[in-house]
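Subject: Structure for you to look at

Hello,

Here is the structure I said I would pass on. Please open it beside this message; my notes follow below.

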Amino acid sequence: MNDQEQNQTPARPRLGGGIFLFVGLLIGSIAGIALNEPSIGMISGFGVGGLLAILIWLFDSKRGSKGR
């Protein structure tokens, strides 16, 4: 290992938004079943979860660019 590798700071851990996709699908399906519309609930849950995952990704990419 050379001096350059030793002096580098470790990279920040990346944030993950995939959990929001899963939770959105799960909650949307449960809510859809309760309202007798499981497909619409699942699709809307996926949409909300996807939106949250994209927002986490945007936040993380801006956070990472500040440190460079």
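In helix α2, the buried residues are G24, G28 and G32. They cover an arc of only 50° around the axis, so they sit on the same side of α2. An α-helix has 3.6 residues a turn, so residues three or four places apart point the same way. The other side of α2 has exposed residues: I19, F22, I27, I30, I33 and A34. At 1.5 Å a residue, its 17 residues should span 24 Å, and the end C-alpha atoms are 25 Å apart, which agrees.

Please keep in mind that this is a predicted model. The average pLDDT of the chain is 84, and 81% of the residues score at least 70. Confidence is highest in α2, with a mean of 94, and lowest in α1, with a mean of 57.

As for the overall layout, the chain has 3 helices and 0 strands, and the order from the N terminus is α-α-α. Of its 68 residues, 16% count as buried. The chain exposes about 5,700 Å², and carbon and sulfur atoms supply 67% of that area. Among contacts with a separation of 6 or more, 62% are between residues 24 or more positions apart.

Is D60 buried or exposed? D60 belongs to helix α3, which covers residues 38-66. Its relative accessible area is 3%, and because the cut-off for buried is under 20%, D60 counts as buried. Leaving out neighbours within four places in sequence, the residues in contact with D60 are P13, R14 and L15.

L15 is the next one to look at. L15 lies in the loop between α1 (3-7) and α2 (18-34). With a relative accessible area of 39%, L15 is partly exposed. Which residues does L15 touch, not counting those up to four places away in sequence? They are I56, F59, D60 and R63. Along the chain, L15 and D60 are 45 residues apart, yet their C-alpha atoms are separated by 6.2 Å.

The loop between α1 and α2 also holds G17. At 13% relative accessibility, G17 counts as buried. Apart from neighbours within four places in sequence, G17 is in contact with A53 and I56. I56 is also one of the residues that L15 touches.

Then there is W57, which is found in helix α3. W57 has a relative accessibility of 56%, so this residue counts as exposed. G17 and W57 are 40 residues apart in sequence, and the distance from C-alpha to C-alpha is 6.9 Å. For W57 and G16, the separation along the chain is 41 residues and the C-alpha atoms are 7.5 Å apart.

The last item is N36, in the loop between α2 and α3. With a relative accessible area of 65%, N36 is exposed.

Regards

Conventions: Residues are numbered from 1 along each chain as its sequence is written. This is a predicted model: local features need pLDDT of at least 70, side-chain atom pairs count only at pLDDT 80 or more; totals for chains, interfaces and linings use all residues. Side-chain values use heavy atoms; hydrogens and water are left out. Helices (H or I, at least four residues) and strands (E, at least two) are DSSP runs, numbered from the N terminus. Buried means under 20% relative accessible area, exposed over 50%, partly exposed in between (1.4 Å probe, protein chains only). Contact means heavy atoms within 4.5 Å. Accessible areas come from the Shrake-Rupley method with a 1.4 Å probe; for residues, only the protein chains shown count as cover. The expected span of a helix is 1.5 Å times one less than its number of residues. The arc is that of the directions from the helix axis to the C-beta atoms. pLDDT is the predictor's confidence in each residue, from 0 to 100.
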